[in-house]
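Hi,

Here is the structure I promised to pass on. Have a look at it first, and my notes on the side-chain contacts follow below.

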Amino acid sequence: MVGSLTIVGLGPGEAHWLTPAAQAALDAASDLVGYEPYLDRIPARAGRTKHGSDNRVEIARAEHALRLAAEGRTVAVVSGGDPGVFAMAAAVFEALEAGDPAWRALTITVEPGITAMLAAAAKVGAPLGGDFCAISLSDNLKPWEVVTMRLEAVLAADFVIALYNPISKARPWQLGAALELAVRHRPAETPVIFARAVGRPDENLRVLPLSQAVAAAASADMATLVMIGASSTRLIERPGQAAIVYTPRSVTKSPCATSQGRT
Ligand code: SAH
């Protein structure tokens, strides 16, 4: 019997941010594979086995899931947010590419989820209203020089930048270094969003001017998504309510002129 494997995005946290299609994939699964804290979000059910693992073993976890599917099981691999954004979908395909050719006969589906960047953006307004990009600051899988080169390029091109994996105990200085680079390209008042645990009970959202963000870098952690505004990203202040952060859809000045003027 040929099994199937679905890579499911759980969204950032709130159950009501799980898509009905993702919920249906979880309901259909005989086996759930994933990082333990993500599996904890899914209620236990008779006849469904949970295979929890540590955060750092993505490829081993992906191979385990493919083997279970090859045995005829209906497997769901779970990821926080969207499984295609710095997450398990690419790990499964890496394992598929390098692994047993028989695995290619499996039915493999990716069920999208709301990624942290979109959840964070929605909470503060519309910071992604203009052109934007996402960069993982983790240098576990790529050299730091590559991160720096990409940051320089998108800062010069005036993108809004969403930074995933901004900081960890093993990588304490990268976020500060990234924000210092931003200071050289963007106005001091550019809004920087620190969105922590969006959609979870301990959610915390802060918007700081870039000039204060470098000093605040150490307050971020692995549950934080950091967003650096473009030069046009701004605040709409409101009495008695949090300011709205937004990036207009239109661009009136050349980003090259802006960055050259500042460096
Ligand atoms: N697949 C995930 C991202 C995995 S990388 C997604 O699509 O969201 C892990 C990083 O995502 C974290 O270090 C953090 O930067 C961000 N992240 C994940 N969930 C988050 C949440 N609820 N709030 C803020 N950031 C989050």
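**Side-chain contacts**

Arg-73 is partly exposed, with 32% relative accessible area (partly exposed lies between buried, under 20%, and exposed, over 50%, using a 1.4 Å probe and protein chains only). Before going further, please note that this is a predicted model, in which local features need pLDDT of at least 70 and side-chain atom pairs count only at pLDDT 80 or more, while totals for chains, interfaces and linings use all residues. Residues are numbered from 1 along each chain as its sequence is written, and side-chain values use heavy atoms, with hydrogens and water left out.

Arg-73 has a salt-bridge partner in Asp-31, with the closest N and O atoms 2.6 Å apart (a salt bridge is a side-chain nitrogen of Lys or Arg within 4 Å of a carboxyl oxygen of Asp or Glu). Asp-31 belongs to strand β2 (residues 31-35) and Arg-73 to the loop between α3 (58-70) and β4 (74-79), so this pair ties together parts that are 42 residues apart in sequence. (Helices, H or I with at least four residues, and strands, E with at least two, are DSSP runs numbered from the N terminus.) Asp-31 itself is buried, at 2% relative accessibility.

How many salt bridges does a search of the whole structure find? The count is 7. Another of them joins Glu-14 and Lys-123, at 3.8 Å from N to O. Here Glu-14 sits in the loop between β1 (4-9) and α1 (20-28), and Lys-123 in helix α5 (residues 116-124), 109 residues apart. Lys-123 is partly exposed at 34%.

Glu-152 and Arg-184 also meet in a salt bridge, again given as 3.8 Å from N to O. Glu-152 is in helix α6 and Arg-184 in helix α7, so the pair ties together parts 32 residues apart in sequence. Both ends are partly exposed: Glu-152 at 28% and Arg-184 at 47%. Through shared partners, salt bridges join Glu-14, Lys-123 and Glu-203 into one network.

On the aromatic side, the whole structure holds 3 aromatic pairs (ring centres of Phe, Tyr or Trp, the latter by its six-membered ring, within 6.5 Å; planes under 30 degrees apart are stacked, over 60 edge-to-face, the rest tilted). Among them, Trp-144 and Trp-173 have ring centres 5.2 Å apart and planes at 80°, so they are edge-to-face. Trp-144 is buried at 15%, whereas Trp-173 is partly exposed at 46%.

Best wishes
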